[in-house]
Amino acid sequence: MHNMHIVNIMRLDDYLKQSRTSPSRFAAMVGVNCSTIYRIRTGQTFPHKRTIQAIWDVTDGQVGPNDLLITGPHSTSTGDTANED
């Protein structure tokens, strides 16, 4: 028998929706600008190592580096509008 590991994949958008955290509040918790979170959510950028670690810490490991690679249509139903530079 092989040892199988089940990996829970949670996109950042899913975490924000589930935790009822606005992108602007999450950005403040992580220590980055809201526009940075927007670019990460939409796949326009991949975060720096320190930002990945902060996201991991803030989400208690629910959103990890591999989860940040998964992009796609996102929801802005949190009531927060994204700022673009």
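User: What pLDDT does the chain average?

Analyst: pLDDT is the predictor's confidence in each residue, from 0 to 100. The chain averages 80, and 72% of the residues score at least 70. Over residues 74-85, pLDDT stays under 50. In this predicted model, local features need pLDDT of at least 70 and side-chain atom pairs count only at pLDDT 80 or more, while totals for chains, interfaces and linings use all residues. Residues are numbered from 1 along each chain as its sequence is written, and side-chain values use heavy atoms, leaving out hydrogens and water.

User: How many salt bridges does the count give?

Analyst: A salt bridge is a side-chain nitrogen of Lys or Arg within 4 Å of a carboxyl oxygen of Asp or Glu. The count comes to 2. One joins the side chains of R11 and D13 at 3.4 Å, N to O; another joins those of D13 and R41 at 2.4 Å, N to O. Shared partners join R11, D13 and R41 into one network.

User: Is R41 buried or exposed?

Analyst: Buried means under 20% relative accessible area, exposed over 50%, and partly exposed in between (1.4 Å probe, protein chains only). R41 counts as buried because its relative accessibility is 6%. D13 is also buried, at 9%, as is R11, at 18%.

User: Which side chain makes a polar contact with the side chain of S19?

Analyst: A polar contact is a pair of N or O atoms within 3.5 Å; within protein, one must be able to donate a hydrogen and the other to accept it, and residues adjacent in sequence count only if both atoms are side-chain atoms. The side chain of T21 makes such a contact with that of S19, at 2.8 Å.

Notes. Contact = heavy atoms within 4.5 Å.
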